[in-house]
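Q: I am new to this structure and would like a close look at a single part. Could you walk me through one of its sheets, strand by strand, and the helices beside it?

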Amino acid sequence: MTPPEPITVKVKTLTPIWTGDAQRETTYLKATSFVGNMRFWAEALLRSLGKEPSPCNITGTNKCKYDKAKGKTRVCSACSIFGCTGLARSFMLKLSGENGSYIKKSSMIKLECREGRDGKPPRYMGVAGFSGEFNLNIVPNTPSFQEGENRSIINAVLILMLRMGSLGARDQYGCGFVSAAALDNKWDGVISNLEFQEKDSDQIQTEHHPSLKDFFFFKAAASYKDHENPHEDISKKHLPFVIRHDTRKFLKFKTNIDTKVRHFFCGNMRGGRIGTKYNIGLANKTLYGWGWYPRKGRFSEYRDDCLNALMFELKRHSQNLKWKEFASKRDNCNSAKKWPEFLEELLTQTRDKLGEG
Ligand SMILES: [Zn+2]
């Protein structure tokens, strides 16, 4: 039997990719960080297809275990690709042809044009990491790579993550936005190999486990005019951070949503450390972004408040905002109304073409 062919993707950075180590430095690109990104997109995609969305990840007590000797060979659809106890990942992720440069450490960004909680300028971690290009290679490891639709799921995940999402960590600070081309047009017709199930997977969806149906994507031409300081433009490298700061402030002072909800959407460094639910990067005078906010779970009723606030602040800091979101009034990309068609649009688009044609 000939082994299945590897998938190779040529990746070019739009903003630096951060895969920092314990010393908080990025000195090389860590492939394992990208595997983590892939699993996140795969689970969201699988939920949107109506498949069981990796219940092992939800409770932590009910993790998938593969044990052939004991006849335990049934694992969730995410684990069948990414592996679990007793089962190897179905592929290896290898990087090659790295050609670029590193900013190893982030410098702190101070937003002098804004006032933080303590009356001082708000501070953020600056964008740093690897800039350049490289090949991302998915090398099949086990036969399960070829089983069922697994290969198509992996292709779809690569498209979503690389063309519409981001790579590595600190994407909430604008890192990891890339452009990507599959070598040999391997991405043609991915959608036709995906199976959609009628059953909705809502019951196992929580606020931490979104379906791809709950994602949003945006693109806009950056505008550096500052509504708070008409005499001074916002500096280019500060703009995404100003938008983040202003969105948080809008939710705090212009809505009556709970602090918990604000922290859920905007992130919180103190206490439990909550990741931000949206990412903004700036490259070539264009703001790119994506995020998610579940329609099910604890904070679902504030979804519109949060997304409207972000959209409002984006509009104040950009022009020609294109916003793509399934089953939403905010969508201004003439998106398809049914999920399979909407997903097909996502799988044939790039962040640069968002909302065009
Ligand atoms: Zn599992």
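A: Let's begin with E2 and strand E5 (residues 129-140), which pair in the antiparallel sense over 11 bridges. Here, two strands count as paired if DSSP finds at least two bridges between them, and strands (E, at least two residues) and helices (H or I, at least four) are DSSP runs numbered from the N terminus. Within this pairing, Ser96 has Asn135 in E5 as its bridge partner.

Before going on, please note that this is a predicted model, in which local features need pLDDT of at least 70, side-chain atom pairs count only at pLDDT 80 or more, and totals for chains, interfaces and linings use all residues. Residues are numbered from 1 along each chain as its sequence is written.

Now step back to the whole sheet: it is open, with 4 strands in the order E2-E5-E1-E6 and antiparallel pairing. Strand E2 (91-103) and strand E6 (178-182) are its edge strands, each pairing on one side only. From one strand to the next, the twist averages 15°.

Two helices join the picture. Helix H1 (residues 31-48) packs on the sheet, touching E2 and E5, where a contact requires C-beta atoms, placed from the backbone, within 7 Å. The direction of H1 makes about 120° with that of E2; axes are lines fitted to C-alpha atoms, for helices over the stretch in contact, and angles run from 0 to 180 degrees between N-to-C directions. Helix H4 (residues 150-164) lies across strand E1 (7-13), E2, E5 and E6, and H4 runs at about 5° to E1.
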